[in-house]
Amino acid sequence: MMKKTTVLQVCVAFVFCSPQAVIASADDCPDPDTGGTSCTISLEKLLDRAVQHAELIYRVSEESKLLFEEMLDSFGGVNLHVPSGTMCAPKTVSMSKNEIQQISDKWILHSVLILIQFWTDPLADLQASLENNENASSALLNRSKWMSTKLRSLEQGVLVLVRQILGEAGLLSEDPEETFDHIISSDIESVRRGYSVLYCFRKDAHKIETFLKLLKCRQIDKDNCSLF
């Protein structure tokens, strides 16, 4: 576990060492006047970084779920079973595999933004809840903060992709109509809700990763873009 965590941390630091990393880096913008923040980089590099970003978010969400389950020992065993068929993603992006294969690139980008915006507040709330939980490990706290920060960073990268692929007026960012239930009545309910957030976010993080990989294949590779 220690080796796996170290590798992950090195990867995170290398790929996303600054808030601008999804958009541009010093290597992409050797001219010091650009500062690595305003120059244009290729669509392929933008898609590569967005996919890497999504992959790391998904991996960290898996680790966070396992760390959360370890924390439950302090509660004497809490039944956190999430019923099968539980709807995690907003209904607007709950599609079958065949439907995902057939949607347009514009709808892929729209779906990714909906998912990111849907989870921004619940992840921030989860982080705040864990900071007030004396049983939460530093590893879990760090991953919670990392996911919340990097999800917002990914949103900025996706908006750059929108402008490159669809143009300035190609897509308007909208707040999702659906929200994750924020009602908390006790410490146990807070724990249950926190677990539900991680359980569902992990599934939707994988969906974001899948959407972006499909988009990259269509834009760059062009052929054999079946990911399922």
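Colleague: Before anything else, what counts as a helix here?

Modeller: A helix is a DSSP run of H or I with at least four residues, and helices are numbered from the N terminus. The model is a predicted one.

Colleague: Fine. How many helices and strands does the protein have?

Modeller: The protein has six helices and zero strands. Read along the sequence, the pattern is α-α-α-α-α-α.

Colleague: Let's take H5. How many residues has H5, and what does it reach from its first C-alpha to its last?

Modeller: H5 has 29 residues. From first C-alpha to last, H5 reaches 41 Å, close to the 42 Å expected at 1.5 Å a residue.

Colleague: And what comes just after H5?

Modeller: Gly167 does, and this glycine takes a positive phi of about 95°.

Colleague: Which way do residues three or four places apart in an α-helix point?

Modeller: They point the same way, because an α-helix has 3.6 residues a turn.

Colleague: Back to H5, then. Where is Ser148, and is this serine buried or exposed?

Modeller: Ser148 lies in helix H5. It counts as buried because its relative accessibility is 2%, and the cut-off for buried is under 20%.

Colleague: What does the side chain of Ser148 pair with?

Modeller: A polar contact of 3.1 Å joins it to the side chain of Arg152.

Colleague: And which residues does Ser148 touch, not counting those up to four places away in sequence?

Modeller: Leu123, Ala124 and Gln127.

Colleague: Which side chain does Arg143 make a polar contact with?

Modeller: The side chain of Glu63, at 2.8 Å.

Colleague: Moving on to the core. How many residues has the largest nonpolar core?

Modeller: It has 58 residues. Those with the most contacts inside it are Phe68, Leu154, Val158, Phe201, Ile208, Phe211 and Leu212.

Colleague: Which elements give two or more residues to this core?

Modeller: Helix H2 (43-71), helix H4 (105-131), helix H5 (138-166) and helix H6 (187-221). The largest share, 14 residues, comes from H6.

Colleague: Pick one of those core residues. What is Ile208 in contact with, leaving aside neighbours within four places in sequence?

Modeller: Ile208 is in contact with Ala54, Val112, Leu115, Ile116 and Leu154.

Colleague: And Leu56, where is that?

Modeller: Leu56 is in helix H2. At 2% relative accessibility, Leu56 counts as buried. Leu56 and Ala205 are 149 residues apart in sequence, and 9.5 Å apart in space from C-alpha to C-alpha.

Colleague: How about Val197: buried or exposed?

Modeller: Val197 is found in helix H6. Its relative accessible area is 0%, so Val197 is buried. Val197 and Asp125 are 72 residues apart in sequence, with 9.6 Å between their C-alpha atoms.

Colleague: What share of contacts between residues at least 6 apart in sequence joins residues at least 24 apart?

Modeller: 80% of them.

Colleague: Change of topic. How many disulfides are there?

Modeller: The count comes to one. Cys217 and Cys225 form it, with their sulfur atoms 2.1 Å apart.

Colleague: Left-handed or right-handed? And are those cysteines buried or exposed?

Modeller: The link is left-handed, with -90° about the S-S bond. Both Cys217 and Cys225 are buried.

Colleague: Where is Ser226?

Modeller: Ser226 is in the segment after H6. This serine is exposed, with a relative accessible area of 51%, because the cut-off for exposed is over 50%. The C-alpha atoms of Ser226 and Asn98 are separated by 9.8 Å, and the two residues are 128 residues apart along the chain.

Key: Residues are numbered from 1 along each chain as its sequence is written. This is a predicted model: local features need pLDDT of at least 70, side-chain atom pairs count only at pLDDT 80 or more; totals for chains, interfaces and linings use all residues. Side-chain values use heavy atoms; hydrogens and water are left out. Contact means heavy atoms within 4.5 Å. A nonpolar core is a set of buried Ala, Val, Leu, Ile, Met, Phe, Trp, Tyr and Cys residues joined through side-chain atoms within 4.5 Å. Buried means under 20% relative accessible area, exposed over 50%, partly exposed in between (1.4 Å probe, protein chains only). A polar contact is a pair of N or O atoms within 3.5 Å; within protein, one must be able to donate a hydrogen and the other to accept it, and residues adjacent in sequence count only if both atoms are side-chain atoms. The expected span of a helix is 1.5 Å times one less than its number of residues. A disulfide is a pair of cysteine sulfur atoms within 2.5 Å.
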